[in-house]
Amino acid sequence: MFSLNHGGILVAMSTAMDDPDVLTEKKDINENMLGGKKVKIIFVLGGPGSGKGTQCSNIVEHFGFIHLSAGELLRAEINSGSENGTMIDTIITEGKIVPSEITIKLLQEAIIKGGNDKYIIDGFPRNEENRVVFESVISISPEFVLFFDCSEEEMERRLLGRNQGRSDDNIETIRKRLKVFVESSLPVIEYYESKGMVKKIDATKPAPEVFEDVKAIFTHMA
C-alpha cells in the first residue's frame with residue numbers, strides 16, 4: 001500500500017477569503033464557470049491496475065453519476081478532427097505534456113453539456129498543477145477524493161496478466177507508469193488528505209468486495 005506522509009505539505013490561504021465580498025465574488029465565478037450549474041464533483045485516483053475504471057462503471061450504474069475521463073476527452077477531441085484536436089495531437093506527438101488549461105477546458109465543457117449534477121472525474125488531477133489550475137479556473141473543490149489504494153506488486157501482477165495486447169503492458173513500462181503515479185499523483189492525494197477529503201479504498205481485494213466498500217461511501221453520501 002502507498003503510505004501518505006503529511007510532512008512538508010504547505011497550504012497557502014489568502015486572508016482575503018475572510019472578506020464577504022470576496023466570498024460572494026468566488027460564488028459568482030463558480031456559477032459562471034459551469035454555466036450556472038451547481039454540481040457535485042468527485043475525483044477518482046489510483047495507480048495503473050488499481051481497478052478504478054471498473055469501479056467508476058459501477059458507480060455510474062448504481063448511483064447515477066456521469067463518468068468523465070480526462071484522457072478519453074483528449075482522445076475524443078483529437079479524433080474529432082477539430083483545430084483544437086490537431087493542436088493536442090501535435091503536443092502529444094512531440095512528447096510534451098498537454099497544458100492543464102486545455103484539459104480543464106474540456107472537462108468544463110463536458111460538465112456544462114452533461115445532463116446531470118453529479119460527476120466522477122477519473123484519473124484527475126494527475127499532478128499538483130492540474131489541481132491548482134482546476135480549482136482556480138472552475139472555482140470549485142471536489143466533494144471528496146476516492147483513492148483506490150493498491151500495492152505496486154499487485155498492480156504489476158494485474159497489468160501483466162490482463163493480456164490485452166497493449167504495448168505498455170510490459171514490466172519496464174509498467175514500472176515507469178507506477179513511478180510517475182507515485183511522483184505526480186500522490187502529492188495530490190496527500191494535499192486532499194491533509195484537508196480530510198480522501199476516502200481510501202483497499203483495492204487489493206477482489207472487485208466485488210471493493211465495490212461493497214465503494215457502495216458504503218456513496219450510500220452514506222446520499
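**Figure 1. Ile-112 in helix α5.** Ile-112 is found in helix α5, which spans residues 100-113; helices (H or I, at least four residues) and strands (E, at least two) are DSSP runs, numbered from the N terminus. The model is predicted, so local features need pLDDT of at least 70 and side-chain atom pairs count only at pLDDT 80 or more, while totals for chains, interfaces and linings use all residues. Residues are numbered from 1 along each chain as its sequence is written, and side-chain values use heavy atoms, with hydrogens and water left out. Ile-112 is partly exposed because its relative accessible area is 37%; buried means under 20% relative accessible area, exposed over 50%, and partly exposed in between (1.4 Å probe, protein chains only). Not counting residues up to four places away in sequence, Ile-112 touches Met-33, Leu-34, Gly-35 and Lys-37, where contact means heavy atoms within 4.5 Å. The C-alpha atoms of Ile-112 and Gly-36 are 8.5 Å apart in space, although these residues are 76 apart in sequence.

**Figure 2. The protein as a whole.** The secondary structure comprises 9 helices and 5 strands. From the N terminus on, the elements run α-β-α-β-α-α-α-β-α-β-α-α-β-α. Of the 222 residues in the protein, 41% are buried. Among contacts between residues at least 6 apart in sequence, 76% join residues at least 24 apart.

**Figure 3. The crossing of helices α3 and α4.** Helix α3 (residues 70-79) packs against helix α4 (residues 83-93) at an angle of about 115°, and their axes are 7 Å apart. Axes are lines fitted to C-alpha atoms, for helices over the stretch in contact, and angles run from 0 to 180 degrees between N-to-C directions. On the side of α3, Leu-74, Glu-77 and Ile-78 take part; they meet Asn-84, Gly-85, Ile-88, Asp-89 and Ile-92 of α4. The residues of this contact divide into 4 nonpolar, 2 polar and 2 charged; Ala, Val, Leu, Ile, Met, Phe, Trp, Tyr, Cys and Pro count as nonpolar, Asp, Glu, Lys and Arg as charged, and the others, Gly among them, as polar.

Figure 4. Phe-124 and Phe-134 form an edge-to-face pair, at 5.7 Å centre to centre and with 65° between the planes. This pair links distant parts of the chain, 10 residues apart: Phe-124 lies in the loop between β3 (118-122) and α6 (128-137), and Phe-134 in helix α6. Both Phe-124 and Phe-134 are buried. Tyr-191 and Tyr-192 form another edge-to-face pair, with 5.2 Å between centres and 75° between the planes. Tyr-191 counts as buried because its relative accessibility is 10%, and Tyr-192 is buried because its relative accessible area is 1%. Ring pairs link Phe-43, Phe-124, Phe-134, Tyr-191 and Tyr-192 into a cluster.

**Figure 5. Charges over aromatic rings.** Arg-131 lies over the face of Tyr-191, 3.5 Å from the ring centre. Lys-199 lies over the face of Phe-144, 5.4 Å from the ring centre. A charge sits over a ring if NZ of Lys or CZ of Arg is within 6 Å of the ring centre and within 35 degrees of the ring normal.

Figure 6. A cis peptide bond, with omega about 0°, joins Phe-124 and Pro-125. Pro-125 has its place in the loop between β3 and α6. Ser-139 lies in the loop between α6 and β4 (144-149). The phi of Ser-139 is near 60°, a positive value in a residue other than glycine. Most residues other than glycine have a negative phi, and most peptide bonds are trans. Ser-139 is buried because its relative accessible area is 9%.

**Figure 7. Phe-218 in helix α9.** Phe-218 has its place in helix α9 (residues 207-221) and is buried because its relative accessible area is 2%. Leaving aside residues up to four places away in sequence, Phe-218 touches Ile-42, Ile-59, Phe-63, Phe-65, Phe-144 and Leu-146.

Technical notes
Phe/Tyr/Trp six-rings, centres within 6.5 Å; stacked < 30°, edge-to-face > 60°.
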